[in-house]
Amino acid sequence: MTIPQSTFLKTLTERGFIHQCTDLAALDETLCKGPIAAYIGFDATADSLHVGSLVQIMVLRWLQKTGHKPIILMGGGTTQLGDPSFRDASRPLLSDEQIAHNSAGIRKVFSQYLTFGDGPTDAVMVDNADWLDPLRYLPFLREFGTHFTVNRMLSFDSVRLRLEREQPLTLLEFNYMVLQAFDFLELSRRQNCVLQMGGSDQWGNIVNGIELARRIDQKQLFGLTTPLLTTSSGAKMGKTASGAIWLNSERLSPYEFWQFWRNTEDDDVARFLRLFTELPLDEVQRLSRLQGSEINEAKCVLADEATRLAHGEEAAREAAETAHRTFAEGASSEGLPSIDIPKAELDAGLPIATLLHMAGLVTSRSEGRRLIKGGGAKLNGDAVMNEETLVTTADMRNGTVMLTAGRKRHALVKAI
């Protein structure tokens, strides 16, 4: 592939962000002529995004850093339908109040990564409910329905795979791809947006929008997708046994976020340094060459940099210091995630498997018992081999009990 001339595409190429592009050469030429506006859409299904969305967030950050305008499209309208892409079942439908609450939480996430304002390269957040809610059904079908064929829509992987598995696809969801195409047309008209980006599962939806704009407005638009991201062991990015790795601190503490990156599998370190930090590539290459126990240096740098971007310099420093005190010095710390238990319950004693589950260190009490049987659970740093062990207030050290799952995941139990 020819090396792009625009700083944005050159950066994305070097760091491994590009999966497909509708016309890379023409997009590169357009980017070289001056600032463009580009967008990624996010449905408001929760009040935070998680690490699974971080590739898209970093793409928008690089777009802004290289002199272009990011548009975050909140799906206040399309969230009412649910994107069927590669899902086994329909999403639950949310109320307008829930969607508004979730959109506000997602805005907080983006405020860490992007600069918002009224300038030519300042980020803006818009909501597709602004143009979807007022639509009248019959006029919309007459104007736009003729530009979509069911034959073509059924060929897209996101729909085809759902049907092959004989899982229901409602008419409500089937409309999603039509409305997403209409979003691109509207943003082209309202914001002079020429590029839609997204994950590889959005390719069909993006192409629909490009073709709609070409047919109706005779305008050339572009699409670019990023690779589907999994860990080297095949796990989906963004979720662990203890739950989703959320990007706002109300959902997940900066310390737990830092620990997620510190626990990166060895084979993923180099790739994650390119994708999730802004370190110069020569420094990434240096860190990627570290072997054996030295690779822990690279993991700590990855954790520091990813946490700094998501939560700020001070939170990243505090998370790293907490980790150092906990692991290097063997001390418990107030920076660890914690759970509060009524003192009366701890006086009577609670099974350690129950507390491991309550603390989010395992997904169930049975998993906690298996962890104990396998020698992977600790109480105040000491291995626990009996799954019937009760934790009581007598086990407290300086007012807390520290639970450990495996070698690196910790939580505090406090009495209230």
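**Strand β3 and what follows**

Reply: Start with strand β3, where both faces are covered: Lys-69, Ile-71 and Leu-73 on one side, and Pro-70, Ile-72 and Met-74 on the other, are all buried. Keep in mind that this is a predicted model.

Me: Why do those residues split into two sets like that?
Reply: Side chains in a regular strand alternate between the two faces of the sheet.

Me: Which strand is joined to β3, and by how many bridges?
Reply: Strand β2, residues 37-42, is joined to β3 by six bridges, and the two run parallel. In that pairing, Ala-38 stands opposite Pro-70 of β3.

Me: Changing topic. What is the order of strands in the five-stranded open sheet?
Reply: The order is β9-β15-β14-β11-β12, with mixed pairing.

Me: Which strands stand at the edges?
Reply: β9 (338-341) and β12 (382-383) do, and each has a single partner strand, so one side of each is left without a neighbour in the sheet.

Me: What does β9 pair with?
Reply: β9 pairs with strand β15, residues 409-415, in the parallel sense over four bridges. Asp-340 has Lys-414 in β15 as its bridge partner.

Me: And the faces of β9, which residues are on the covered one and which on the uncovered one?
Reply: Ile-339 and Ile-341 make up the covered face, while Ser-338 and Asp-340 are on the uncovered one.

Me: OK, aromatics now. How many aromatic pairs are there?
Reply: The count comes to 10 aromatic pairs. One of them is Phe-144 with Phe-182: the ring centres are 4.9 Å apart and the planes are at 65 degrees, so the pair is edge-to-face.

Me: Where do those two sit?
Reply: Phe-144 is in helix α6 (residues 137-144) and Phe-182 is in helix α10 (residues 176-191), so the pair ties together parts that are 38 residues apart in sequence. Phe-144 is buried, with a relative accessible area of 4%, and Phe-182 is buried with 4% as well.

Me: What does Trp-261 contact beyond its sequence neighbours?
Reply: With neighbours within four places in sequence left aside, Trp-261 is in contact with Val-51, Leu-54, Met-237, Phe-272, Phe-276, Lys-299, Leu-302, Ala-303 and Ala-306.

Me: How many residues are in the largest nonpolar core?
Reply: That core has 101 residues, and Trp-261 is among those with the most contacts inside it, along with Phe-8, Tyr-113, Leu-195, Met-197 and Phe-276. There is also a second, separate core of 23 residues, which includes Leu-361, Leu-403, Ala-411 and Val-413.

Me: Which charged ends sit over rings?
Reply: The charged end of Arg-107 sits over the ring of Phe-116, 4.0 Å from its centre. Arg-251 has its charged end over the ring of Trp-246, 4.1 Å from the centre.

Me: Back to helices. Which residues of α2 are buried?
Reply: In helix α2 (residues 24-33) the buried residues are Leu-24, Ala-26, Leu-27, Asp-28 and Leu-31. What covers them includes α1 (7-15), β1 (20-21), β5 (193-199) and β6 (222-226).

Me: What comes just after α2?
Reply: Gly-34 does, and this residue takes a positive phi of about 150 degrees.

Me: Last one. Is Asn-102 buried or exposed?
Reply: Asn-102, which lies in helix α4 (residues 96-113), counts as buried because its relative accessibility is 8%, and the cut-off for buried is under 20%.

Me: What does its side chain reach?
Reply: The side chain of Asn-102 reaches the backbone nitrogen of Asp-47 at 3.2 Å. Not counting residues up to four places away in sequence, Asn-102 touches Ala-44, Thr-45, Ala-46, Asp-47 and Leu-94.

Key:
Residues are numbered from 1 along each chain as its sequence is written. This is a predicted model: local features need pLDDT of at least 70, side-chain atom pairs count only at pLDDT 80 or more; totals for chains, interfaces and linings use all residues. Side-chain values use heavy atoms; hydrogens and water are left out. Rings of Phe, Tyr and Trp (its six-membered ring) pair if their centres lie within 6.5 Å; planes under 30 degrees apart count as stacked, over 60 as edge-to-face and the rest as tilted. Buried means under 20% relative accessible area, exposed over 50%, partly exposed in between (1.4 Å probe, protein chains only). A charge sits over a ring if NZ of Lys or CZ of Arg is within 6 Å of the ring centre and within 35 degrees of the ring normal. Contact means heavy atoms within 4.5 Å. A nonpolar core is a set of buried Ala, Val, Leu, Ile, Met, Phe, Trp, Tyr and Cys residues joined through side-chain atoms within 4.5 Å. Two strands pair if DSSP finds at least two bridges between them. A polar contact is a pair of N or O atoms within 3.5 Å; within protein, one must be able to donate a hydrogen and the other to accept it, and residues adjacent in sequence count only if both atoms are side-chain atoms.
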